[in-house]
Amino acid sequence: MTESTVRQLSELEEAAAVPVPNADEVASRFPVSQNPTPASDEERAQALRDLDFGTTFSDHLAIEAWNPEEGWHGRSVEAYAPLALDPSAAVLHYGQEIFEGLKAYRWADGSVWTFRPTFNAARMNQSAVRMAMPSLPVEDFLGSIVQLVRVDANWVPSIPDSALYLRPMMIASEPFLGVRPAREYLYLVIASPVGPYFKGGLKPVSIWVSTDYHRAAPGGTGAAKTGGNYAASLLPQQLAAQQGFDQVCYLDAATNSVLEELGGMNVFVRRADGTVLTPALSGSILEGGTRSAIMQLLADRGVPVTETALSLAELVAGIEAGEITEMFACGTAAVVTPIGRIAGDGFDFTLPGTELTAAIHDELGGIQRGLVPDRHGWMYRLV
Ligand code: COI
């Protein structure tokens, strides 16, 4: 390993580099009201054995509300239950909502940790600005997560590659059909014990590069983590799946030529000379915490990483010439996943390389699971 290269941090990375508040203090912001009918030990044990992605939920959720008079108020951790939402709630009509995704990992000594929660807190507030929603104090973001995971600590699985996936979200709850920012919001966190997003360990996935559909456009909401971006990805994803592909890679909407990202993951490209490229934050790409951490880990290894406008034509020419041998996708849910096949109109390639992907997967996964030293202070103890 060579000395770490100094990287220019993005605005979000700067915002995430705030001192992390003390877990006990932030947890006490969310009083707990215990679920009177939690899952039985047997039901929970089965849920923690048969892990899927996002199909089972823990006994509690965290919640608070916002209005202009009171600001954020009514914090609590309470029984997981369906919401009573007015059918005219703005979120149901105009999709004014944002969300985050992070994981709680059980370490071998039984303690429970999460990864860079201030990155998610900062990104949620960046998304809130774009979607004309109120910002959430970082203490509330962290407090909701700490308290929920403490109350539902027995829902954090311990089998390999498992975690408790945490889904913070903010929705426009005001009953109103006019098109303007709502005046009432709910913030919630739910928790779901999960196995790997893609089953089969480091099994390579196949990617279809779409030239017919885009997930985001310049000036649009692509850099915000909002449901509409994911809704827009469902049809292209369905069409790609019908052709046997696992995921879709999107190009920029302005020129239909520059690589952006997959439906819910950022992408990296390794050249045969050992250098690495990743699409630059164009304004329509979601900046991933995993993407950011991987750029740092590569810099730590002395691997030059360039954030660039990588065109599909260059990618195709690079693969044809044997100059590009390896690609991987990354995200909280997917962690680090090799891309084994990339195809689109007029091309279909197999990518043989997995060496760097496996190394980064093991290093990042090792940090998250307490098996590799956390040089950058990314881990935050919850329990
Ligand atoms: C995540 O990686 O946490 C995501 O939000 C991606 C996906 C599950 C929507």
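Colleague: Is Lys-225 buried or exposed?

Modeller: The relative accessible area of Lys-225 is 9%. Buried means under 20%, exposed over 50% and partly exposed in between, with a 1.4 Å probe and protein chains only. At 9%, Lys-225 therefore counts as buried.

Colleague: Before we go on, what kind of model is this?

Modeller: Residues are numbered from 1 along each chain as its sequence is written, and side-chain values use heavy atoms, leaving out hydrogens and water. Local features need pLDDT of at least 70 and side-chain atom pairs count only at pLDDT 80 or more, while totals for chains, interfaces and linings use all residues, since the model is predicted.

Colleague: Where does Lys-225 sit, and what does UniProt place there?

Modeller: Lys-225 is in the loop between β8 (205–210) and α7 (227–232). Helices (H or I, at least four residues) and strands (E, at least two) are DSSP runs, numbered from the N terminus. UniProt positions follow the numbering used here, feature names are shortened, and annotations may be inferred rather than shown by experiment. The unreviewed UniProt entry gives Lys-225 the feature "modified residue: N6-(pyridoxal phosphate)lysine".

Colleague: Which residues does Lys-225 contact, leaving aside neighbours within four places in sequence?

Modeller: Contact means heavy atoms within 4.5 Å. With those sequence neighbours left out, the partners of Lys-225 are Glu-97, Ile-98, Phe-99, Glu-100, Gly-101, Arg-123, Ser-127, Tyr-230 and Leu-286.

Colleague: What is the volume of the largest pocket, and which lining residues are closest to its centre?

Modeller: On a 1 Å grid over the protein atoms alone, a pocket is an open set of points with protein on both sides within 12 Å along at least five of seven lines, a cavity is a set where a 1.4 Å probe fits but cannot get out, and lining residues have an atom within 4 Å of a point. Points are joined across faces, edges and corners, and a volume is the space filled by probe spheres set on them. The largest pocket comes to about 560 Å³. Of its 28 lining residues, the closest to the centre are Tyr-197, Lys-225, Tyr-230, Gly-263 and Gly-264.

Colleague: Which element gives the most to that lining?

Modeller: At least two residues each come from β6 (163–172), α8 (234–242), β9 (247–251), α9 (289–300) and β14 (324–331). By type, the lining of the largest pocket splits into 12 nonpolar, 12 polar and four charged; Ala, Val, Leu, Ile, Met, Phe, Trp, Tyr, Cys and Pro count as nonpolar, Asp, Glu, Lys and Arg as charged, and the others, Gly among them, as polar. With three residues, the element that gives the most is β9.

Colleague: How much space lies in the largest cavity, and which elements give two or more residues to its lining?

Modeller: There is one cavity of 30 Å³ or more. The largest cavity holds about 100 Å³, and residues lining it include Lys-103, Phe-119, Arg-123 and Gln-368. The elements with two or more residues in that lining are β4 (102–106), α5 (117–130) and α9.

Colleague: What is the phi of Arg-116?

Modeller: Arg-116 is in the loop between β5 (112–115) and α5. Arg-116 is buried, as its relative accessible area is 13%. Its phi is positive, in a residue other than glycine, and near 45°.

Colleague: And what is the phi of Ala-132?

Modeller: Ala-132 lies in the loop between α5 and α6 (138–151). Its relative accessible area is 40%, so it is partly exposed. Again not a glycine, Ala-132 has a positive phi of about 55°.

Colleague: How many disulfides does the structure hold?

Modeller: A disulfide here is a pair of cysteine sulfur atoms within 2.5 Å. For Cys-249 the closest cysteine sulfur is 12 Å away, in Cys-330, so that is too far for a bond. Both are buried, because Cys-249 has a relative accessible area of 1% and so does Cys-330. The disulfide count is zero.
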